[in-house]
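Subject: Structure for you to look at

Hello,

Here is the structure I said I would pass on. Please open it first, then read the notes below it.

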Amino acid sequence: MTQPRVLVIGGGLAGLSATMRLAELGVHVDLVSLVPVKRSHSVCAQGGINSVNAVTRQQGDNEWKHFDDTVYGGDFLQHQPPVKEMAEWAPRIIDLMDRLGVPFNRTPEGFRDQRRFGGTLYKRTSFAGATTGQQLLYALDEQVRRWEGEGRVKKWEFWDFLEPVVDDDGRCIGAVCQDMVTMKFKAFSADAVILASGGCGLLYGRSTMSMICTGSAVSRAYKAGVKYGNAEFIQVHPTAVPGADKLRLMSESARGEGGRVWVPRKPQDARDPKDIPVDERYYFLEERYPEYGNLVPRDIATREIFDICTTDGLSVEKDRLCVYLDLTHIPRETLDRKLGGILEIYEKFQGVDPRNAPMKIFPAVHYSMGGLWVDYEKNENGGLVEGSPRNQQTNIQGLYAIGECDYQYHGANRLGANSLLSCIFSGLFCASGVIAGGKKNTRDETSPDFIAAVKKQEEIHQAILSRPAGESNPYDIHRQLGDIMTRTATVVRRNDQLTQAYDDVCQLENVWQHCSLSDTGNWTNQNVVFTKAVGDMFPLAKLMLKGALLRDECRGAHYKPDFSMPGIEATEPVEQRAEAERWCDRFEANTKKWLKSTIGVHGNDGHPVITYEDVDTTLIPPRPRLYGLVGGEVIEQVWKERTEKATETATVG
Amino acid sequence: MITASTLLNSETIAEHEQSPQEIRVRVLRQDAPGEESYWQQFAIPYEPNMNVISVLQRIAAISKAQDGRKVAPVAWDCACLEEICGSCAMLINGRVRMACSSLVDNLFKETPGEIELRPLTKFPVVRDLSVDRERIFHSLQRVKAWVPVDDSYDHGPGPRISPEEQEDAYPLTTCISCGCCMEACPQFNKIEVVQREEESDEELESRKQSAYDQQFLGPHAISQAVRFNSHPTGSMNADERMQSLTGQGGIQMCGNAQNCVAVCPKSIPLTRSIARAGRAATVWAIKKFFDR
């Protein structure tokens with residue numbers, strides 16, 4: 001019997017953990033990546049990775065609470081069985097990474113240290129300085145290099161995934177990729193293909209993401225018929241440092257270690273921040289969210305920072321929007337030990353030492369909760385059936401998606417330090433199912449399916465290269481697309497703007513059809529690779545805009561002020577109660593209508609076709625997300641009574 | 001009115017009193033391996049807070065040389081733009097450094113109004129500023145830079161590690177494999193293996209690997225060997241790493257020039273690692289002598 005072969009696209013945390021596990025199970029893995037896998041975007045993750053641990057367990061924490069925090073933080077938009085399974089695997093995943101040599105920070109006694117992250121009251125986050133993503137990625141990279149040495153893994157670095165190859169029965173049998181150095185095309189025959197290609201932040205022009213996060217692989221799968229879920233849910237991280245080329249992330253761990261967000265009460269107070277007395281500082285997150293303080297979930301922190309600058313006019317500077325993120329009250333030694341990596345970034349790129357002066361930060365596009373639609377098989381305990389070929393499989397048999405490029409784990413908003421977990425989990429977990437579902441693919445790369453697929457890609461490539469010289473260039477088009485998306489589809493969304501943006505994006509797509517290349521050669525032509533990637537941004541951009549336009553509600557990162565549900569205005573208890581009842585009625589009606597995943601399919605006319613899918617909420621019934629809402633306690637009380645009543649009726653009935 | 005669009009334009013328009021109007025950029029270009037290299041001049045408008053990446057982005061967008069001629073965009077590697085992926089090492093004003101963290105305003109203190117960009121010289125040029133650094137990773141393979149775990153199943157946590165040990169290991173694990181240390185090292189020489197006529201990609205690859213095997217590992221790989229030899233589980237195959245360190249192209253190649261530590265963008269104590277590796281090699285050699 002020949003060895004099974006799996007093709008993995010992407011060598012970040014998800015792709016590498018899948019590769020490691022598959023190799024260990026005797027599979028030959030071809031690993032395709034735009035860059036040497038050690039340079040994947042996972043290295044940019046800073047803060048840490050969540051799991052229940054020995055200490056939090058003794059404080060009343062358990063896997064169920066981690067699961068609950070994740071779905072509550074995600075506004076209940078994720079199917080619950082995969083999330084439950086992930087929370088249960090989390091402690092084992094941290095243990096594994098620890099064994100692989102990740103230098104997690106230690107307590108004086110030599111145990112792993114943990115810090116607190118957003119959306120939870122427990123210290124669940126293990127960390128390695130402020131470069132946890134880098135450290136986790138390196139540990140997996142090292143294991144994969146070991147398998148490479150044994151001949152089990154072959155890396156194809158500087159290769160671009162162009163299209164999955166699907167046979168007449170609708171089964172994925174491989175893919176066509178292109179060598180970005182020699183520009184040669186190659187078909188890869190495989191028993192299964194796993195997409196682990198990460199996020200698509202470059203649709204927004206500048207974001208916290210790496211230049212390789214174009215979303216092109218995902219878009220190409222979508223164009224080939226893979227369904228896409230919850231495209232409109234894009235996380236805008238509350239704290240980033242604006243720059244001309246990118247918006248650099250300032251990790252949530254800065255707040256996890258005690259960093260405080262504030263603005264001067266006096267607009268654009270020109271004094272040195274250190275000279276502004278405490279009573280003239282507005283610690284708006286702490287004042288508005290006494291329970292979670294600076295560690296409210298990201299969507300909320302982002303809106304608050306955005307609002308304080310725009311609506312309240314309290315931006316620190318006049319000409320640009322920013323607030324202070326202040327670490328200066330924390331001892332230098334602690335900062336260096338726990339946050340060194342990120343403070344160096346700030347120092348290097350801004351020329352200011354954040355140990356001495358508060359940092360100036362503002363929100364930036366950071367993560368896509370949405371992604372390729374994937375399946376799962378639920379077990380009798382509400383978790384997943386391990387080894388089921390359905391887990392992480394897209395609607396195309398034999399084609400899987402894991403990591404940031406799937407839609408499965410984070411619902412409408414991702415909690416900090418859960419992404420590293422979902423990437424490693426989905427990578428490790430899917431492997432046995434991929435093998436179980438792997439049907440031996442007997443066609444080699446000389447079979448007609450592959451020859452036709454390669455020919456098609458060569459023709460597309462040649463057509464782009466031989467375009468007549470036009471006016472526009474792909475870099476300008478990319479910048480314009482980023483401007484449209486950032487203006488209309490980030491923190492605040494309005495239907496008129498989204499409608500306009502959709503038209504603008506369609507027009508820009510037409511411009512792209514005629515944009516000219518400045519390099520028509522066939523050696524390391526980065527110009528043509530980028531042009532193709534920009535072209536593939538349009539289908540996803542349209543999907544995001546359309547999904548956002550249709551979803552008339554507020555949920556997690558998707559915020560439409562026209563459909564928001566403000567808190568209680570009344571002050572009299574009776575009126576308050578009546579208002580809370582109405583609030584809960586509206587909440588129930590909204591849940592019924594909108595607690596659904598947006599499912600997009602690429603239409604033949606190039607426009608997305610959108611349908612909705614029910615969300616499996618059988619384990620934790622949806623409840624109002626009340627972080628800091630005025631009158632939240634009254635609403636909570638009414639809600640509690642309603643659920644108790646419903647339970648009683650159910651029991652009696 | 002301030003709107004969401006300010007998300008885009010939130011940089012300060014800094015007041016640079018004598019900031020130049022334009023940036024003149026000299027790039028040493030090469031169209032492909034084996035081709036002659038040539039200089040090309042570009043001029044782009046100056047903007048505050050630029051780094052070399054944004055300079056190269058502007059050059060790509062205009063694709064015109066200073067004399068107005070249409071030219072292909074300069075090829076270069078980058079990804080994260082925050083000095084953690086290790087992609088964008090190049091010679092900037094003659095010094096090896098990362099393009100992302102090289103700020104134009106700082107470079108102008110060296111050469112006002114001008115920037116010179118060249119590819120690394122110790123690695124074969126792929127095109128322009130993009131070089132083939134496969135050898136960096138090959139060295140990691142040579143020193144078995146990993147913890148040899150049994151498998152990825154659950155066996156409970158890893159070994160207890162004191163904060164001091166963690167703080168000792170952590171700086172070494174932040175190596176981004178950029179190649180700066182190798183570029184600066186006088187003992188590290190370029191190896192360029194050119195594909196022969198009718199040679200297959202596989203044959204070329206294996207010829208490359210054996211050429212790399214003969215030559216110096218590089219400071220980064222020595223440092224990784226030290227890091228894994230001091231990890232409780234990693235040390236279980238310390239012997240194999242010592243064999244690589246003391247074998248051909250091993251630690252004896254180091255001439256103690258100390259350039260590596262001076263250019264490392266992550267300030268990794270490479271010379272300390274090399275000193276440690278040197279001592280360990282001596283002990284290991286003596287032990288091996290008596291074990292015969």
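Chain B of this predicted model has ten helices and seven strands. Its C-alpha atoms fill a box of roughly 70 × 55 × 40 Å along the principal axes. Of the 292 residues in chain B, 46% count as buried. Among the contacts in chain B with a separation of 6 or more, 68% are between residues 24 or more positions apart.

Next, the contact between the chains. Chain B gives 66 residues to it and chain A gives 70 residues. On the side of chain B that touches chain A, the elements giving two or more residues are α1 (52–62), β6 (125–127), α3 (134–142) and α4 (163–173) of chain B. The residues on that side of chain B divide into 31 nonpolar, 26 polar and nine charged.

Three strands form an open sheet in the order β7-β8-β9 (chain A), with antiparallel pairing. Strands β7 (159–166) and β9 (185–189) of chain A stand at the edges with a single partner strand each, so one side of each has no neighbour in the sheet. On average, neighbouring strands of this sheet are turned by 25° against each other, direction ignored. Strand β8 (residues 172–179) of chain A is joined to β9(A) by five bridges, and the two run antiparallel. Opposite Val176(A) stands Ala187(A) in β9(A). Helix α12 (residues 448–465) of chain A lies across β7, β8 and β9 of chain A, and runs at about 150° to β9(A).

In soluble globular proteins, nonpolar side chains tend to be buried together. The largest nonpolar core here has 266 residues, and Val193(A), Ile194(A), Leu195(A), Val323(A) and Leu372(A) have the most contacts inside it. Helix α11 (residues 419–437) of chain A gives the most to this core, with ten residues. Which residues does Ile194(A) contact, leaving aside its neighbours within four places in sequence? They are Val6(A), Val8(A), Ile9(A), Ala18(A), Tyr400(A), Ile402(A), Cys430(A) and Val434(A). A second, separate core has eight residues, including Ile568(A), Leu629(A), Ile635(A) and Val638(A).

Regards

Key:
Residues numbered from 1 in each chain as written. Chains lettered and ligands numbered in written order. Predicted model: local features only at pLDDT ≥ 70, side-chain atom pairs only at ≥ 80, totals over all residues. Pairing = 2+ DSSP bridges. Helix = DSSP H or I, 4+ residues; strand = E, 2+ residues; numbered from the N terminus. Axes fitted to C-alpha atoms, helices over the stretch in contact; angles between N-to-C directions. Contact = placed C-beta atoms within 7 Å. Core = buried A, V, L, I, M, F, W, Y, C linked by C-beta atoms within 7 Å. Buried ≥ 20, exposed ≤ 12 C-beta atoms within 10 Å, placed from the backbone. Nonpolar A, V, L, I, M, F, W, Y, C, P; charged D, E, K, R; others polar.
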